[in-house]
Amino acid sequence: MKDYIKLDEWKIIEDHYNIDHNEVSESLCSIGNGHMGQRANFEEDYSGKTLQGSYVGGVYYPDKTKVGWWKNGYPEYFAKVLNSVNWIGLNIEINGEILDLHQTAKITNFYRELDMMNGILRRSFSCEMKNGAVVEVKTQRFVSMNQVELGVISYSLSVINMDAVIHITSYLDADITNKDSNYDENFWLEIDQFSNLERMSVTTETKKTDFVVNATVFTQIEQNGTYITQPNAYGTHDKYANQSFYINTKKGEEITLEKFVVIASSLNHNPLEFEQNADSILNQAVFKGISQLENEHSAQWHKIWNDCDISISGDVAAQQGIRFNIFHLYQTYTGRDSRLNIGPKGFTGEKYGGSTYWDTEAYCIPFYMSTTSEEVARNLLVYRHNHLGKAIENATKLGFKDGAALYPMVTMNGEECHNEWEITFEEIHRNGAIAFAIYDYIRYTNDTTYIAEYGLEVLIAIARFWSQRVNFSEEKGKYVMLGVTGPNEYENNVNNNWYTNYIACWCMDYATECYNKLKETNPERLQEIAKITNFKESELDKFYKITSNMYYPENKELGIFLQQDGYMDKEQILVNDLPTADRPLNQKWSWDRILRSCFIKQADVLQGIYFFEDQFNLETLERNFHFYEQRTVHESSLSPCVHSILAAKIGDEAKSYEMYLRTSRLDLNDYNNDTEDGLHITSMAGTWLSIVKGFGGMMVKDDKLHFTTFLPTGWEGISFKVKYRGRVIAVQINKSGAEIKKESGDSLSVILNNKVVSL
Ligand code: BGC
């Protein structure tokens, strides 16, 4: 099943019907526009395996935590991205029999494609029904990038071997549950529904969070060049509305149903305005017609591609992989709405129900920072500043004080909403990524205002947390950090995770550096911040005392940093020695066995070396890379990209390429056997990083932009663009080297393969 999807530079293609792959294909071919998204479910009834999924950005439900034994400090709930109103649904009855691909006598052809260049999902099939009718269907849909509340479906159907009586019921169904609901609860309350000769509409409200969502539809059918705009029947019941059309067709005659849908939420409208808003969007949409709407939508995609496409020549699998990743990132988050963030499954599934993880800071911000306006990355940072109060509350609940902040591992509104304690309590390294993202943003954009405006408050609160989280070990004569989980979730409650100790100290040092800089450049603002945060300069001494005397586990003999205390006591088996039948470990081994093993889920020590690349020399990187790569199973999607970038740095081109393919085709080839639950959206930014920071070797060092390039064997060329400090820079890597051009903006000098180039 791994090479199931056909290779194509711009399309994701499935060219036959396969019931076992259906849920994976539904994830792969999902459509979205930052405001909403929809899995590639069939419009008509389907009784085979499917995960129905329609999602609206920012609408969530706090699903009460489910644990065997409640303990103080557990988060009350796990936030769920809600499966919302099904707006694509059509019941189709042909000569008295329901069209359902799982029930037909024969499917003679089936084709589904996601056209990434234009942002359109298409599907076609022919089938023979049990009643002998041979039916041909062609359908396409998109959620508009131009008018984000609009979804459009065009569904063409013909019965090719007989005259037919066709009943089509177009419906909205908001009586929807989440498959991952903790208590099988339905999260939606009925508010209102109506259906008449012109429109149908359903409005529902989430329990507890009170988000109101409305879907309003106009449906019409084209037959023989004439539009039938009024249904023959219509009706409603709880959270449901429909409109039915009864049509007689001649043998071979095609009819096309067009469904225009507006999905709006109370995040953007007063619910009293829903009807007026829907009317105005629908009137305009119907007036323009599907082909104009499609052109406007595609034009938006062409603009996105113009800025952020990566073109690879000589390797279609790699080309398809990177475009697939860029496409889904922009379907998930466009940066237009600063209240939203990038959920690990985007609009493609329910798992990882919360919206924001450390994934945003560690992986996604660098992608958005280089491919769109700087403001988008800034907004993502400000999102965390907006949650600072809640992060302080969160730390206070856990016993920290004096304005120390612990950001949540998963959040929708600043509150912690992940309910596995190993992760929630112990994976405190996420605080470090949030501080690191501020540093990375300023280093890249040179936005010197950010620290004074927002950054320092966050950095102080994070540094305070670390200064309270460490303790002094009399035995070691050093500060230590006990009971944490590093990025490697295959071991919990470890002491002195090297990565966490390192980033904690780095945060305290960086907060100090920013404080001192602001003291020089803007003492008035510093005073204000000191007042707001109640910060005394003596706290800097405490930070220094800790950072200058912190304990870091190492193995001097091997010359490596140790993942944590006691790591070398583990039986040292290598990934290469693992039987394939044992992989992925998280599906094949007991949890107990995983915890005791030396296997590492994802980059951990190496994550630190990757972040702080200019603080370690090449030999140190090489030793650590070789040691940890042999023990890392990459069972988090966030892992291979970091290894790919580091392998490029040490010149291991084959490994770098292997890891690139693994990240870029993780979902396309379903490497972790979990794509049916949804795509790994945040790690898709990692794929982009593998090319731009790995093969392109992009980094900012000493305030200069560097590129150190290589071309994987077998490739003919790579080209990409980055936005950097008001310029657009185009990089082209080919067999004879690399070229760099400035497409817009002021002159600049960059370092390309160790030579200064003036642009
Ligand atoms: C990873 C975490 C990540 C989460 C969401 C987990 O499998 O171990 O690091 O934050 O997925 O992507």
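Q: Ala, Val, Leu, Ile, Met, Phe, Trp, Tyr, Cys and Pro count as nonpolar, Asp, Glu, Lys and Arg as charged, and the others, Gly among them, as polar. So how do the residues of the shell around the ligand divide?
A: Six are nonpolar, two polar and three charged. This is a predicted model: local features need pLDDT of at least 70, side-chain atom pairs count only at pLDDT 80 or more, and totals for chains, interfaces and linings use all residues. Residues are numbered from 1 along each chain as its sequence is written, and side-chain values use heavy atoms, with hydrogens and water left out.

Q: Which residues are around the ligand?
A: Pro344, Tyr352, Tyr357, Trp358, Asp359, Met409, Glu489, Lys601, Gln602, Ser636 and Leu638.

Q: How far is the polar side-chain atom of Asp359 from the ligand oxygen?
A: Asp359 puts a polar side-chain atom 2.5 Å from a ligand oxygen. A polar contact is a pair of N or O atoms within 3.5 Å.

Q: And what about Glu489 and Gln602?
A: For Glu489, a side-chain N or O atom is 3.0 Å from an oxygen of the ligand. For Gln602, a polar side-chain atom and a ligand oxygen are 2.5 Å apart.

Q: How much of the ligand does the protein bury?
A: The protein buries 94% of the 310 Å² that the ligand exposes when taken alone. Those areas are Shrake-Rupley, with a 1.4 Å probe.

Q: Which pocket does the ligand sit in?
A: The largest one. "Sits in" means more than half of its atoms lie within 2 Å of the pocket's grid points.

Q: New topic. What is the order of the open sheet of three strands?
A: E2-E3-E4, with antiparallel pairing. Strands are DSSP runs of E, at least two residues, and pairing needs at least two bridges.

Q: Why is one side of E2 and of E4 left without a neighbour?
A: E2 (31–32) and E4 (54–56) are at the edges with a single partner strand each, so one side of each has no neighbour in the sheet.

Q: How many bridges join E3 to E4?
A: Three, and E3 covers residues 36–38. Met36 has Val56 in E4 as its bridge partner.

Q: Backbone next. Where is the cis peptide bond?
A: Between Arg583 and Pro584, with omega about -10°. Pro584 is in the loop between strand E25 (560–561) and helix H14 (585–588). Most peptide bonds are trans.

Q: And what is phi of Asn496?
A: Near 55°, a positive value in a non-glycine residue. Asn496 is in the loop between strand E23 (478–480) and helix H11 (498–521).

Methods:
A residue is near a molecule or strand if one of its heavy atoms lies within 4 Å of it. A polar contact is a pair of N or O atoms within 3.5 Å; within protein, one must be able to donate a hydrogen and the other to accept it, and residues adjacent in sequence count only if both atoms are side-chain atoms. On a 1 Å grid over the protein atoms alone, a cavity is a set of points where a 1.4 Å probe fits but cannot get out, and a pocket is an open set with protein on both sides within 12 Å along at least five of seven lines; lining residues have an atom within 4 Å of a point. Helices (H or I, at least four residues) and strands (E, at least two) are DSSP runs, numbered from the N terminus.
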